[in-house]
Amino acid sequence: MSAIYNGIITAVDKFVPGKLRPLWNHPAGKRSYCTRIATSTAKSKILVLAGLKDISRPAEKLSLTQSTALAGTGVIWARYSLVIIPKNYSLFAVNCFVGMTGFYQLYRIWRYQASLKQLEAEGRVPETPPSSAG
């Protein structure tokens, strides 16, 4: 994979204007700006859209493991994006959103499970949602 990356960077290197050379060859890592932008853009498009889609999903169909992983990932990488030099505020914003989405889904799961326990304590049998095949 790094051979492909190096080939792309070498090909693009010829077209970088002189005024953008300092940004292109930043001390944080050779051509790190390209990598940082691509990372935050891809992450924002994939994880943020997935998080937004899950908000409309019924709480009984949410995954506790996945929501925990999203919340943890958001917190860890938000912290990392402020520790690295140079700070990456776009990556920070994306990870804050991913973390908040994960925590919101965890809250929805907790609230749903609490309502099930209350129904059981009252002696009412909760309705089981129809299972979807596949």
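Predicted model: local features only at pLDDT ≥ 70, side-chain atom pairs only at ≥ 80, totals over all residues.
## Starting at Ser 81

Leaving aside neighbours within four places in sequence, Ser 81 touches Lys 87, Asn 88, Leu 91 and Phe 92, where contact means heavy atoms within 4.5 Å. Ser 81 sits in helix 4; helices here are DSSP runs of H or I with at least four residues, strands are E runs of at least two, and both are numbered from the N terminus. Ser 81 is buried, at a relative accessible area of 0%. For that label, buried means under 20% relative accessible area, exposed means over 50%, and partly exposed lies in between, using a 1.4 Å probe and protein chains only.

The side chain of Ser 81 also reaches the backbone nitrogen of Phe 92, at 3.4 Å.

Residues are numbered from 1 along each chain as its sequence is written, and side-chain values use heavy atoms, with hydrogens and water left out.

## The overall picture

The protein has 5 helices and 0 strands, so its pattern along the sequence reads α-α-α-α-α. Of its 134 residues, 25% count as buried. Take the contacts between residues at least 6 apart in sequence: 66% of them join residues at least 24 apart.

## How helices 4 and 5 pack

Two packed helices are described by the angle between their axes and the distance between the axes. Helix 4 (residues 64–83) and helix 5 (residues 89–121) pack at about 155 degrees, with axes 7 Å apart. The axes are lines fitted to C-alpha atoms, for helices over the stretch in contact, and angles run from 0 to 180 degrees between N-to-C directions. The pair is therefore roughly antiparallel; that label covers angles over 145 degrees, while under 35 is roughly parallel, 65 to 115 roughly perpendicular and the rest oblique.

Residues of helix 4 that meet helix 5 include Leu 64, Ala 71, Val 75, Trp 77 and Ser 81, and their partners in helix 5 include Tyr 89, Phe 92, Phe 103 and Ile 109. The contact residues divide into 15 nonpolar, 9 polar and no charged. Here Ala, Val, Leu, Ile, Met, Phe, Trp, Tyr, Cys and Pro count as nonpolar, Asp, Glu, Lys and Arg as charged, and the others, Gly among them, as polar.

## Residues along the way

Tyr 89 is found in helix 5 and is exposed, at 53% relative accessible area. Tyr 89 and Ala 78 are 11 residues apart in sequence and 8.9 Å apart in space, C-alpha to C-alpha. Phe 103, also in helix 5, is partly exposed at 47%. Leaving aside neighbours within four places in sequence, Phe 103 is in contact with Ala 71 and Val 75.

Now for the loops. Pro 86 lies between helix 4 and helix 5, and the peptide bond from Ile 85 to Pro 86 is cis, with omega near 0 degrees. Ser 63 is in the loop between helix 3 (32–55) and helix 4 and counts as partly exposed, at 30% relative accessibility. The side chain of Ser 63 reaches the backbone nitrogen of Gln 66 at 3.1 Å.

Key
Polar contact = N/O pair within 3.5 Å; in protein donor to acceptor, adjacent residues only side chain to side chain.
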